[in-house]
Amino acid sequence: MFFIVVATHHKLMKSIITNLIKKISIILISSAIGLELWNICASFTHSELPSSLIPIIWIGRFAIAAHTLEGLIAAFFATSKQKSPLKCAIYTFFVGTVGLLELLESDKEAIT
């Protein structure tokens with residue numbers, strides 16, 4: 001009985017943490033895209049962003065590149081899972097590694 005309660009509690013905590021990571025990831029990646037667009041608009045109008053934002057923009061660029069790579073990997077694996085590559089790629093781009101893990105774990109759930 002104790003092990004069932006612990007296993008259920010573990011699944012619940014994993015679900016709560018996963019959902020929190022997804023929500024934070026969507027907000028942060030959208031913010032990184034917004035900052036990059038602001039930077040592009042500033043360069044077209046020959047204006048400057050505050051210098052304090054430059055490191056944040058570089059971190060955002062790294063995050064966008066990493067999420068793009070994860071989205072491409074998800075699109076590649078989605079076809080083998082009989083899922084839409086475009087939907088999986090976009091979802092994984094916004095939620096990051098969690099989306100990729102969900103896609104890869106869907107195969108484990110089918111086996112067990």
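Colleague: Let's start with E105: what's its relative accessible area?
Modeller: E105 comes out at 28% relative accessible area, which counts as partly exposed. Keep in mind that this is a predicted model.

Colleague: OK, and which residue does E105 form a salt bridge with?
Modeller: That would be K14, with the closest N and O atoms 3.9 Å apart. E105 sits in helix α4 (residues 97-111) and K14 in helix α1, so the pair ties together parts that lie 91 residues apart in sequence.

Colleague: Is K14 buried or partly exposed?
Modeller: K14 is partly exposed, at 44% relative accessible area.

Colleague: Why would side chains like that pair up in the first place?
Modeller: Opposite charges can pair when the charged atoms come close.

Colleague: How many salt bridges are there in the whole structure?
Modeller: A search finds three. One of them joins E102 and K22, at 2.6 Å from N to O. Here E102 belongs to helix α4 and K22 to helix α1, so this pair links parts 80 residues apart in sequence.

Colleague: And are E102 and K22 buried or partly exposed?
Modeller: E102 is partly exposed, with a relative accessible area of 28%. K22 counts as buried because its relative accessibility is 16%, and the cut-off for buried is under 20%.

Colleague: What does E36 pair with?
Modeller: E36 forms a salt bridge with R61, and the closest N and O atoms are 2.9 Å apart. E36 is in helix α1 and R61 in helix α2, so they tie together parts 25 residues apart in sequence. E36 counts as buried at 18% relative accessibility, while R61 is partly exposed at 27%.

Colleague: Switching topic: how many helices and strands does the chain have?
Modeller: Four helices and zero strands. From the N terminus, the order is α-α-α-α.

Colleague: How much of the chain is buried?
Modeller: Of its 112 residues, 27% count as buried. The chain exposes about 8200 Å², and carbon and sulfur atoms supply 76% of that.

Colleague: What about the second largest pocket, how much space is in there?
Modeller: About 220 Å³. It's lined by 13 residues, and the closest to its centre are L28, I29, A32, G60 and A63.

Colleague: Which helix gives the largest share of that lining?
Modeller: α1 does, with seven residues. Both α1 (2-44) and α2 (54-80) supply at least two residues each.

Colleague: Last one: how do the lining residues divide into nonpolar, polar and charged?
Modeller: Nine are nonpolar, four are polar and none are charged.

Key
Residues numbered from 1 in each chain as written. Predicted model: local features only at pLDDT ≥ 70, side-chain atom pairs only at ≥ 80, totals over all residues. Heavy atoms only, no water. 1 Å grid on protein atoms, 1.4 Å probe; cavity = no way out; pocket = protein on both sides within 12 Å on 5 of 7 lines; lining within 4 Å. Points joined across faces, edges and corners; volume = space filled by probe spheres on them. Nonpolar A, V, L, I, M, F, W, Y, C, P; charged D, E, K, R; others polar. Buried < 20%, exposed > 50% of the residue type's maximum accessible area, 1.4 Å probe, protein only. Areas by Shrake-Rupley, 256 points an atom, 1.4 Å probe, with all protein chains shown as cover. Salt bridge = Lys/Arg side-chain N within 4 Å of Asp/Glu carboxyl O.
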